[in-house]
Amino acid sequence: MSLIDSGKRTIGEFEVGPLGFGCWRFTNEKLDVARAVLETALDLGMNLIDTADVYGFDWGGQGFGENERLLGNLIADSPNLRGRMVLATKGGITPPVPYDSGAQYLTQAVHDSLSRLAVEFVDLFMIHRPDMYTHPEEVAGTLTTLREAGKVREFGVSNFAPSQTDALQKYLDFPLVTDQMEYSLAHLDPMRDGTLDRCMREGVTPMPWSPLAGGSLATGEGLDPELVAKMDELAERENVNRATLAVAFVLAHPSRPVPLLGTQSPNRLEEQAAAVNVTLNREDVYSLFQLSDGQPLP
Ligand SMILES: NC(=O)c1ccc[n+]([C@@H]2O[C@H](COP(=O)([O-])OP(=O)(O)OC[C@H]3O[C@@H](n4cnc5c(N)ncnc54)[C@H](OP(=O)(O)O)[C@@H]3O)[C@@H](O)[C@H]2O)c1
């Protein structure tokens with residue numbers, strides 16, 4: 001039996017497919033090309049669309065807010081697109097860094113995101129990185145006000161330590177429903193630092209980011225050759241490619257995660273969508289885990 005659950009995931013009041021589409025690299029200024037990528041993702045059941053106000057600031061973008069603006073232009077051009085997606089954005093990074101989750105900044109950030117995205121509200125808003133100099137009670141107050149004003153339906157966190165999420169949750173009288181963390185065959189920390197355990201304990205949906213470690217799990221660059229060989233062996237057995245196998249590894253976690261795919265290629269989206277049908281058993285995932293770790297489990 002496969003460890004992968006291909007069913008829909010619940011995010012508060014919303015249902016999403018087991019894979020999401022990430023807009024960090026969604027920087028193609030040609031609207032028809034951008035539309036084709038987005039529609040391919042939606043057609044493949046990746047209805048969770050994840051962006052952030054800071055996307056566009058780096059990675060080949062045109063500047064802070066520009067990836068949201070691109071998505072907003074597509075939504076404004078085809079209003080039916082909005083109804084096909086569960087729209088998620090993030091805020092709280094003030095480039096180049098620091099972070100600001102103070103009431104004034106965060107409130108303005110959400111309003112600015114809504115205006116760039118050409119929508120009245122977003123389905124999900126996540127604090128992109130924890131601002132260690134804002135008290136969680138203040139953050140909770142801001143999120144509550146945004147929710148009551150109808151600007152945001154559900155909330156989550158991103159790159160928070162479990163204790164930071166707990167501290168924020170303590171001051172909220174509604175649950176945080178998502179948690180974004182770097183998790184892949186090249187980055188196993190969330191399995192050991194309590195992040196994924198907290199998600200399972202609280203019924204929070206994890207959204208692992210960079211499931212291909214930015215592409216290196218597809219190319220094999222910088223990876224242990226033994227890990228690459230094992231990935232290829234399992235990929236061949238499952239009749240998929242190495243990238244799809246890497247996405248399948250992330251999906252196999254019992255927290256029922258929604259990995260955020262980063263490719264901007266419709267063909268690769270289609271290939272990686274097949275990850276939900278891969279069969280991985282305990283022996284498979286533990287071999288991959290140990291090869292990634294570089295040491296056997298005790
Ligand atoms: N919360 C956070 O702090 C945070 C941080 C980072 C990312 N994220 C989210 O996670 C999403 C995904 O992150 P990511 O873009 O780093 O994901 P990823 O899937 O790990 O990496 C995507 C990169 O891998 C390349 N790639 C994909 N398949 C390939 C293949 N078969 N062969 C060679 N290269 C391949 C893609 O290039 P092509 O486009 O050419 O295919 C793209 O450059 C982001 O869009 C964002 O929504 C969140």
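# Reading salt bridges, helices, strands and cores

Student: With which residue does the side chain of arginine 256 form a salt bridge?

Tutor: In this predicted model, the side chain of arginine 256 meets that of aspartate 5, with 2.7 Å from N to O.

Student: Are arginine 256 and aspartate 5 buried, partly exposed or exposed?

Tutor: One compares the relative accessibility with two cut-offs: under 20% is buried, over 50% is exposed, and values in between are partly exposed. Arginine 256 has 30%, so it counts as partly exposed. Aspartate 5 has 32% and therefore also counts as partly exposed.

Student: How many salt bridges does the model contain?

Tutor: The count comes to 18. Another of them joins arginine 201 and aspartate 166, at 3.4 Å from N to O. This pair links distant parts of the chain, since arginine 201 belongs to helix α8 (residues 195-202) and aspartate 166 to helix α6 (residues 162-170), 35 residues apart. Arginine 201 has a relative accessible area of 55%, so it is exposed; aspartate 166 has 33% and is therefore partly exposed.

Student: Where do lysine 230 and glutamate 233 lie?

Tutor: Both are in helix α10 (residues 225-238), three residues apart, which is about one turn of the helix. Salt bridges that share partners can also form a network, as Asp166, Arg198, Arg201 and Glu202 do here. Lysine 230 is buried, because its relative accessible area is 18%, while glutamate 233, at 46%, is partly exposed.

Student: Against which elements do the buried residues of α4 pack?

Tutor: They pack against α2 (66-77), β5 (86-91), β6 (122-127), α5 (136-148) and β7 (152-158). Just after α4, alanine 118 takes a positive phi of about 60°.

Student: What is the span of α2, and which of its residues are buried?

Tutor: The 12 residues of α2 should span 16 Å at 1.5 Å a residue, and its end C-alpha atoms are 16 Å apart, so the two values agree. Asn67, Glu68, Leu70, Leu71, Gly72, Leu74 and Ile75 are buried. The buried residues of α2 pack against α1 (31-43), β4 (48-50), α3 (80-84), β5 and α4.

Student: How does one read a strand such as β5?

Tutor: In a regular strand, side chains alternate between the two faces of the sheet. From β5, Val86, Ala88 and Lys90 point one way, and Leu87, Thr89 and Gly91 the other way. Six of the six residues of β5 are buried.

Student: Which strands are joined to β5 by bridges?

Tutor: Three bridges join β4 to β5, and these two run parallel. Isoleucine 49 stands opposite leucine 87 of β5. Four bridges join β5 to β6, which also run parallel; there, methionine 126 in β6 is the bridge partner of lysine 90.

Student: Which residues touch the most other members of the largest nonpolar core?

Tutor: In soluble globular proteins, nonpolar side chains tend to be buried together. Here the largest nonpolar core has 73 residues, and Leu38, Leu71 and Leu168 touch the most other members. Helix α11 (residues 242-251) gives the largest share of this core, eight residues. A second, separate core of 12 residues includes Phe14, Ala88, Met126 and Met207.

Student: What is leucine 71 in contact with?

Tutor: Leaving aside neighbours within four places in sequence, leucine 71 contacts Cys23, Phe26, Leu38, Ile49, Thr51, Met85, Leu87 and Leu117. Among these, Leu117 is one of the buried residues of α4, and Leu87 is one of the buried residues of β5.

Key. Residues are numbered from 1 along each chain as its sequence is written. This is a predicted model: local features need pLDDT of at least 70, side-chain atom pairs count only at pLDDT 80 or more; totals for chains, interfaces and linings use all residues. Side-chain values use heavy atoms; hydrogens and water are left out. Buried means under 20% relative accessible area, exposed over 50%, partly exposed in between (1.4 Å probe, protein chains only). Contact means heavy atoms within 4.5 Å. A nonpolar core is a set of buried Ala, Val, Leu, Ile, Met, Phe, Trp, Tyr and Cys residues joined through side-chain atoms within 4.5 Å. The expected span of a helix is 1.5 Å times one less than its number of residues. A salt bridge is a side-chain nitrogen of Lys or Arg within 4 Å of a carboxyl oxygen of Asp or Glu. Two strands pair if DSSP finds at least two bridges between them.
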